[in-house]
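Please look over the protein shown here.

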Amino acid sequence: MPSSDPIADGLTKLRNASRAKHPVVDLAGSKLLQRILDVLKGEGLIRTYKVMADDRPQATLRVYLKYQNKQPLIRQVVRVSKPGQRVYRRATNLPRVLRGLGVAVVTTSQGVMTERTAYRQKVGGEVLCYVW
């Protein structure tokens, strides 16, 4: 059954696998989810991910999770902007997650990036999720 919010489904699977201390999790692929994973990889919250090509029309993303001292680096993932209620912020009003310890993922006119990068580039956009 197709989901009305595949990004929320992917983030929920990522959070649940991290809490259960799984080394790998497979997500339903989408271009936006790939860009979010690029940001998480750049922040050092996941090791890497691969696009698994198979015979289905939608590719699968295999995410390799990262742990430190047997504790997951991803402890919580919160979807902010939802299909029913989009959340947009200007560059000056971008949220800080846990006073800078977490990451807010923002999609802007210049791509998907963290709130820190968007603030430095002085661009606002849609706040997708918080990760800490």
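## A nonpolar surface patch

Patches are made of residues with over 30% relative accessible area and no salt bridge; like charges are joined within 9 Å, and nonpolar side chains (Val, Leu, Ile, Met, Phe, Trp, Tyr) within 5 Å. A salt bridge is a side-chain nitrogen of Lys or Arg within 4 Å of a carboxyl oxygen of Asp or Glu. Accessible areas come from the Shrake-Rupley method with a 1.4 Å probe, and for residues only the protein chains shown count as cover. Val78, Leu98, Leu101 and Trp132 make a nonpolar surface patch of about 380 Å².

This is a predicted model: local features need pLDDT of at least 70, side-chain atom pairs count only at pLDDT 80 or more, and totals for chains, interfaces and linings use all residues. Residues are numbered from 1 along each chain as its sequence is written, and side-chain values use heavy atoms, with hydrogens and water left out.

Valine 78 belongs to strand 6 (residues 77–79). Helices (H or I, at least four residues) and strands (E, at least two) are DSSP runs, numbered from the N terminus. Valine 78 is partly exposed, at a relative accessible area of 32%. Buried means under 20% relative accessible area, exposed over 50%, and partly exposed in between (1.4 Å probe, protein chains only).

## The nonpolar cores

A nonpolar core is a set of buried Ala, Val, Leu, Ile, Met, Phe, Trp, Tyr and Cys residues joined through side-chain atoms within 4.5 Å. The largest one here has 24 residues. Leu37, Leu40 and Val63 have the most contacts inside it. Two or more residues each come from helix 1 (6–19), strand 1 (24–28), helix 2 (31–42), strand 2 (46–52), strand 3 (60–65), strand 8 (103–108) and strand 10 (125–131). Helix 2 gives the most to this core, five residues.

Another core lies apart from the largest one. It has five residues, among them Val106, Met113, Ala118 and Val123.

## Helix 2

Helix 2 has twelve residues. From its first C-alpha to its last it reaches 17 Å, close to the 16 Å expected at 1.5 Å a residue. That expected span is 1.5 Å times one less than the number of residues in the helix. The buried residues in helix 2 are Leu33, Gln34, Ile36, Leu37, Val39 and Leu40. Glycine 44 follows the helix, and its phi is positive, near 80 degrees.

Leucine 37 sits in helix 2. It is buried, with a relative accessible area of 1%. Which residues does leucine 37 contact, leaving aside its neighbours within four places in sequence? They are Leu27, Ile46, Tyr49, Leu61 and Val63. Contact means heavy atoms within 4.5 Å. Leucine 37 and leucine 11 are 26 residues apart along the chain, and their C-alpha atoms are separated by 9.8 Å.

Glutamine 34 is also part of helix 2. Is glutamine 34 buried or exposed? At 16% relative accessibility, it counts as buried. Leaving aside its neighbours within four places in sequence, glutamine 34 contacts Tyr49, Val51 and Leu61.

## Salt bridges

How many salt bridges does the structure hold? There are six. One of them pairs arginine 35 with aspartate 38, with the closest N and O atoms 3.7 Å apart. Both residues lie in helix 2, three residues apart, which is about one turn of the helix. Arginine 35 is partly exposed at 39% relative accessibility. Aspartate 38 is partly exposed at 36%.

Glutamate 43 forms a salt bridge with arginine 116, and the closest N and O atoms are 3.3 Å apart. Glutamate 43 lies in the loop between helix 2 and strand 2 and arginine 116 in helix 3 (residues 115–120), so the pair ties together parts that are 73 residues apart in sequence. Glutamate 43 is partly exposed at 33%, and arginine 116 is partly exposed at 29%. Arginine 116 also forms a salt bridge with glutamate 115, where the closest N and O atoms are 3.7 Å apart. Glutamate 115 counts as buried, at 4% relative accessibility. Salt bridges with shared partners join Glu43, Glu115 and Arg116 into one network.

## Glutamine 71

Glutamine 71 is placed in strand 5 (residues 71–72). It is partly exposed, with a relative accessible area of 35%. Glutamine 71 and lysine 21 are 50 residues apart in sequence, and 7.9 Å apart in space, C-alpha to C-alpha.
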